[in-house]
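Here is a short briefing on a structure. Look over the sequence and the model first, then read on.

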Amino acid sequence: MDAVMFSRIQFAANISFHILFPSITIALGWVLLFFKLRYNSTHDTAWMRAYFTWVKVFALSFAMGVVSGVTMSFQFGTNWPGYMEHVGNIAGPLLAYEVLTAFFLEAVFLGIMLFGFRRVPNKVHTLATFLVAFGTTMSAFWILALNSWMQTPAGFEMRDGVAHAIDWWAIVFNPSFPYRLIHMLLASGLTVCFLMAGISALRYLAGDRSESMMKAMRTGIYAGAILIPIQIFAGDQHGLNTLEHQPQKIAAMEANWKTGPNIPLVLFAWPDESAKENHFEISIPNGASLILRHHADGVVPGLDQFEGNHPPVLPLFWGFRIMVGTGLLMLLVSWLGAVYLWRRDSVPHWLAYVMVPMGLSGWLATLAGWYTTEIGRQPWLVTGILRTDEAVGGVAASHVATTLAIYLLLYAGLLASYLGVLVHLALKAAREGDSAPLPAVLEQALAQPVADR
Amino acid sequence: MTIDWPTILPLIAATLMGVAILIYVILDGFDLGIGILFAVAGDHEQDRMISAIGPFWDANETWLVLAVGLLLVAFPIAHGTILTALYIPVFILLVGLILRGVAFDFRAKVPAGHKQRWNRLFFLGSLTASLAQGYMLGVYVLGLRTGFPAFVFGALVAMCLAAAYVAMGAAWLIYKTEGELQKKAVLWLRSALVFTVFGMVAVSIATPLASPRIFDRWFLFPELLYLSPLPILSAILFLLLWRKTFQLPRPDGRQELAPFLILSAIFALGFAGLAWSFYPYVVPDRVTIWQAASATESLALILAGTAVVLPIILFYSFYAYRVFGGKAGDLTYD
């Protein structure tokens, strides 16, 4: 393998590790605000207990996101200097606005949100919670604007091989941006819903029946049950948008080798790129034409149109199916859970056992989806403007390989520790339930922030 | 020099980047320093030290993101050149920052038996991050040169910057703690100062020797006259601080922030000296800030946003420091 491939794997490893944590914090910030607002209006301390339990998960996830994000900002320069040299005029301002409008906001108010409950008036604490949630969402806004621009560039012109901005509105609101942003925000929402449901189910199985746990479980299952059909619809719209702007990506996702009408929907196959055909194919006749063109005779573009200029088929085909499959499982589990909660205000044991591993289903679907869309951009770094292999730096392959190996070890260790701590926190909370006083706080003091005036 | 936007905007961007780096070095300097001091602190003291930085560290590190971000977005060519040349030290810095950033949170949340492990990682991460930053500074001062002499010089600067961070950390602890820990912090500050002085003198001597251009900037008349206040003022501040370490802590609890402020002033003076040495280059002796700058319209957009947002950021950062002002207590989530 050469430096380009190692650099790609390294970037993929870093960004895959990174996205796990923002996909939690973006939505968890809003859920914490919801808990806080419920507490403010009901004065039910169970809401505040749920808040304190989940604010710990937020703090830990936030720290993981920050440190892996710092890595990304350096890697643009260390591994991909060509990227900023060619499209820095576009990417630069978008990244700068992310730092200015999002990073500082969340980082500064995080301190108050985490440790300031007894130091600032309750209203300021609620405001800090809001600002942190708002900051994480702004961060998603800017980074997805940039990512979408790389997929479907607009609003610029090339002068001497360098992109220059001519219309910032068109750059930010490029053709795929609204779809991608909504798809990602919903993905984050679902990741948090299922994580909450999963951790709560773990506490439930450990014998915990506390009200604060039930509040988190209801929040996770009900919100998940509402969000998943919306996500399926949004994903479909995103797919149609991709068909319009990046048809080669759709052709690879569907492993459709020939352009034409009456294209079947391939459910299972092993795409073979050298033979340009699928092995072991199971498919629904006319399915792809129906889904993509809403007509059995609809002409669907195939890979034969994009000879030598389409992404690798196998990872796209399977990445897409893993995402959709996980989404359908989420639909099933959340709706079952919602029915049980609605009828009996509890879930059966077997369902709780299913919900625990489903706690990580959001991560799986998010990663599979990102792999589909990012590998689907290849061989381009910025579609039609800059190829990935043109942007790589001159660092020796051995250096990149060594650092990659250490990153992978580090990430594996951190991920194991992170999951270990989540389980530890859940079991500890389950032992304590709602009866134990919160650390160093009397039951009564909990309802009253010291500085409430 | 003509006065038009393509001339002025890169200059403003470079100034802002310099300010961001300076603020980063001062702010993250104290929490990195406290991380290094973990090695010599007891268990209870460690908890108190974390309380002294817990609410701030994240925002402190954001200044690094802003500085690298400005380098990335305002001077994209320099960003690539500098960071590819410093590939390995940047990697070590990142691993250090990753370890310490998460160790912070993990140490408070893992089962009691695992806490010690994360304390060690917090120390190791802080130390390697500080050393890597110092090494990068040293190599940058030498114009990104490679080879054994550059390595030795980089290693020297690495140790001195780490010592300077320890001094900052100790000074912050003098402000944020009381009792035994505060007394210890005074001793830590005094020991660290020796190395800090050594490092600043080494960099000051090596910088002009490394580049004839920089030599001329400093040692020609009349520049010599304008610039002489920089080293003289630094020396006076050092002596003042040295004397303070024998007077603190005072029974009336006053002047506890003074060491931190004096050290910050010394950092600012040293930084001004470096900035003067390298201006107008962003990659020493190779690429000027105008050659490396992004397109004028992109810079204008970045700087317009910065002009609006930076005062707001400063305002709410001060607010956060005020909320958590006074002596550090126990840090809890409620």
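How many residues of chain A are in contact with how many residues of chain B? The count is 69 residues of chain A against 60 residues of chain B, where contact means heavy atoms within 4.5 Å. This is a predicted model, in which local features need pLDDT of at least 70, side-chain atom pairs count only at pLDDT 80 or more, and totals for chains, interfaces and linings use all residues. Residues are numbered from 1 along each chain as its sequence is written, chains are lettered from A and ligands numbered from 1 in the order in which they are written, and side-chain values use heavy atoms, with hydrogens and water left out.

**Interface of chain A and chain B**

- The two chains bury about 6,000 Å² between them, 78% of it on carbon and sulfur atoms. Buried area is the accessible area (1.4 Å probe) that two parts lose on being put together, summed over both.
- Phe74(A), Phe104(A) and Phe115(A) supply 14% of the area that chain A buries against chain B, more than any other three residues.
- Across this interface the rule finds 0 salt bridges. A salt bridge is a side-chain nitrogen of Lys or Arg within 4 Å of a carboxyl oxygen of Asp or Glu.
- Polar contact links 9 residue pairs between chain A and chain B, with both residues at pLDDT 80 or more. A polar contact is a pair of N or O atoms within 3.5 Å; within protein, one must be able to donate a hydrogen and the other to accept it, and residues adjacent in sequence count only if both atoms are side-chain atoms.
- Helix 3 (45–79), helix 4 (81–115), strand 2 (162–165) and helix 15 (397–432) of chain A each supply at least two residues of the side that touches chain B. Helices (H or I, at least four residues) and strands (E, at least two) are DSSP runs, numbered from the N terminus.
- Helix 4 of chain A gives the most to that side, with 22 residues.
- By class, the side of chain A that touches chain B has 48 nonpolar, 16 polar and 5 charged residues. Ala, Val, Leu, Ile, Met, Phe, Trp, Tyr, Cys and Pro count as nonpolar, Asp, Glu, Lys and Arg as charged, and the others, Gly among them, as polar.

**Chain B overall**

- Chain B has 14 helices and 2 strands.
- Its radius of gyration is 20 Å, which agrees with the value near 20 Å for a compact globule of 334 residues. The radius is taken over C-alpha atoms, and the globule rule is 2.2 Å times the number of residues to the power 0.38.
- The C-alpha atoms of chain B fill a box of roughly 60 × 40 × 40 Å, taken along the principal axes.
- Buried residues make up 57% of the 334 residues in chain B. Buried means under 20% relative accessible area, exposed over 50%, partly exposed in between (1.4 Å probe, protein chains only).
- Among contacts in chain B between residues at least 6 apart in sequence, 80% join residues at least 24 apart.

- Glu61(B) lies in helix 3 (residues 57–74) of chain B. Its relative accessibility is 1%, so Glu61(B) counts as buried.
- Not counting residues up to four places away in sequence, Glu61(B) touches Val66(A) and Val70(A), as well as Tyr24(B), Asp28(B), Leu97(B) and Arg100(B).
- Ser264(B) sits in helix 12 (residues 258–278) of chain B. At 12% relative accessibility, Ser264(B) also counts as buried.
- A polar atom of the Ser264(B) side chain lies 2.8 Å from the backbone oxygen of Phe260(B).
- With residues up to four places away in sequence left out, Ser264(B) touches Ile26(B) and Met168(B).

**Salt bridges**

- The whole structure has 16 salt bridges over all chains.
- Arg100(B) and Asp31(B) meet through their side chains in a salt bridge (3.2 Å, N to O). This pair links helix 5 (residues 87–109) and helix 1 (residues 5–37) of chain B, 69 residues apart. Both Arg100(B) and Asp31(B) are buried.
- Asp47(B) and Arg107(B) form a salt bridge (2.8 Å, N to O). Asp47(B) is partly exposed, with a relative accessible area of 27%, whereas Arg107(B) is buried, at 5%.
- In chain A, the side chains of Arg203(A) and Asp208(A) meet in a salt bridge (2.9 Å, N to O). Arg203(A) and Asp208(A) are buried.
- A network of salt bridges links Asp44(A), Glu211(A), Lys215(A), Arg218(A) and Asp345(A).
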